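Subject: Structure handover and notes

Hello,

Please find the structure below, as promised.

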Amino acid sequence: MKLKTLIMLFAALIFVSACSSSSESDPKPTEKPEVTPTPPTGNPDKGELGITMGDLEQDRWTETTPLKLRDTMVVVETTFKASNDPWYGYSGADVIVDWEPLYTAFAMSESQFEEALMEGNITFAAIEPGGNVVTEATANGYGYWFDAAGKVCQHGRNSVIAVETEDFRTYSVMQYPGAVKSGEKYTVCLGLFYEVEGVTYRATIQIDVNIMKEYTAADYEVAGTVKYDINISKEGGYNGESFMVDEDEICGYLGLTVNEFGNKLGSTCTLVPLNADGTDGDNTAGGDFGGWFDTRGTVGWGNGDLTYIEISARNPFYFSTGCHASHVSVGDEVTMNMQYRNMENLKACNVVVNATITQ
């Protein structure tokens, strides 16, 4: 009986020892799991927004509390032309910010994130270089004006770039007329701040603004020329002949498809009227593109204007023409030149329209 008792005690000791050894080798349940976020991708050449996520730092991981993400960043980029027009020069572009890295940073669902934004539980502000946070808007709605260094300023002489939003998803990026420079890049930052349990979580939205480099006719290689002969009625006046130009041939010279040209029109593709000497003319007509031409084929407006071309951005291959009836005579001939441009490869296609004035 005593022998049996000793054997049982010995077995118990072995079991306890084994359990103790096993527990020392098991991982602790409070260890932090590694999180490696995969940033969304985008191809700016296809009009997609590239998004870059900053490091997502973890905070307070325990067995009973969820993973908290303290900080993140998204970067969006836009490109537009510089403008000096004092009335219409506030042009720019809209950018769309992907919410997923933002609500993920706050450990929320998309619906929770939107509700918190609309109820004011998430603070929207501008972030200046050096980290200074400005909560008082200086532009319309939820918006800020920035100077060239990315510091918040009031609308006025120091203003360069403005960013405005109403829904925190679409941001309108604008310029102060005459303030931005061709080929320059400007960076501004906005922030979303959320506080819970004494910890502030921040999501930074960095907007990189590229101002297109301005080129003139001398910078382009004319890859091809397309010619058209038309008649414009003196009696018809402003209501002259309308016609389609060969979009496939023109875009082929530019190294683009027709759809690519349409998508890039206003950003890296454009049309300009050319003077008789081949230099750039100004759009003196009523369309998005075009101009009035005098007897020499020079672009202008006034006593010498004879005929015009107008082209809409909605259909950039449809030409509308007409004449100033009191300035023309039957038999007059005017040569009008338009140039299609691809700023990415500096290829151009000239469209020459030879107009004859008829009765």
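Which residues of helix H3 (residues 110-118) are buried? They are Phe 113, Ala 116 and Leu 117. Buried here means under 20% relative accessible area, exposed over 50%, and partly exposed in between, with a 1.4 Å probe and protein chains only. Seen down the axis of H3, the buried residues fall within an arc of 100 degrees, so they line one face of the helix. The arc is taken from the directions from the helix axis to the C-beta atoms. As background, an α-helix has 3.6 residues a turn, so residues three or four places apart point the same way.

Before the rest, some conventions. This is a predicted model, in which local features need pLDDT of at least 70 and side-chain atom pairs count only at pLDDT 80 or more, while totals for chains, interfaces and linings use all residues. Residues are numbered from 1 along each chain as its sequence is written, and side-chain values use heavy atoms, with hydrogens and water left out. Helices (H or I, at least four residues) and strands (E, at least two) are DSSP runs, numbered from the N terminus.

H3 and the cores

The cover over the buried residues of H3 includes helix H2 (100-105) and strand S11. After H3 comes Gly 120, with a positive phi near 80 degrees. Phe 113 is in contact (heavy atoms within 4.5 Å) with Trp 99, Leu 102, Tyr 103, Phe 106, Met 108, Ile 122 and Leu 192, leaving aside neighbours within four places in sequence.

Phe 113 is also among the residues with the most contacts inside the largest nonpolar core, together with Phe 106, Ile 161, Leu 190 and Leu 192; that core has 44 residues. Apart from it lies another core of 33 residues, including Ile 230, Leu 256, Cys 269 and Val 351. A nonpolar core is a set of buried Ala, Val, Leu, Ile, Met, Phe, Trp, Tyr and Cys residues joined through side-chain atoms within 4.5 Å.

The five-stranded sheet

An open sheet of five strands has the order S3-S12-S11-S5-S6, with mixed pairing. Strands S3 (71-80) and S6 (133-134) are at the edges with a single partner strand each, so one side of each is left without a neighbour in the sheet. Two strands pair if DSSP finds at least two bridges between them. S11 (residues 185-196) and S12 (residues 199-211) run antiparallel and are joined by 12 bridges. Lys 185 is placed opposite Asn 210 in S12.

Tyr 186 is in S11 and counts as buried, at 8% relative accessibility. Its contacts beyond four places in sequence include Ile 161, Ala 179, Ile 207 and Val 209. A polar atom of the Tyr 186 side chain lies 3.2 Å from the backbone nitrogen of Lys 181. Polar contacts are pairs of N or O atoms within 3.5 Å; within protein, one must be able to donate a hydrogen and the other to accept it, and residues adjacent in sequence count only if both atoms are side-chain atoms.

Ser 159

Ser 159 is in the loop between strands S8 (152-153) and S9 (161-165). At 1% relative accessibility, Ser 159 is buried. Its side chain reaches the backbone oxygen of Gln 154 at 2.9 Å, and a polar atom of that side chain lies 2.7 Å from the backbone nitrogen of Gly 156.

S19 and its partners

Eight of the 10 residues of strand S19 (residues 333-342) are buried, so S19 is largely enclosed by the rest of the structure. S19 pairs antiparallel with strand S15 (residues 269-274) over six bridges, and Thr 270 has Arg 341 as its bridge partner in S19. S19 also pairs antiparallel with strand S20 (residues 347-358), over 10 bridges; Met 336 stands opposite Val 353 there. S19 and S20 form a hairpin with four residues between them, and Leu 346 in the turn has a positive phi of about 55 degrees.

Val 352 lies in S20 and is buried at 11% relative accessibility. Val 352 and Tyr 228 are 124 residues apart in sequence but 6.3 Å apart in space, C-alpha to C-alpha.

Cysteines

A search of the whole structure finds zero disulfides (pairs of cysteine sulfur atoms within 2.5 Å). For Cys 349, the nearest cysteine sulfur is that of Cys 251, 8.7 Å away. Cys 349 is buried, at 0% relative accessibility.

Regards
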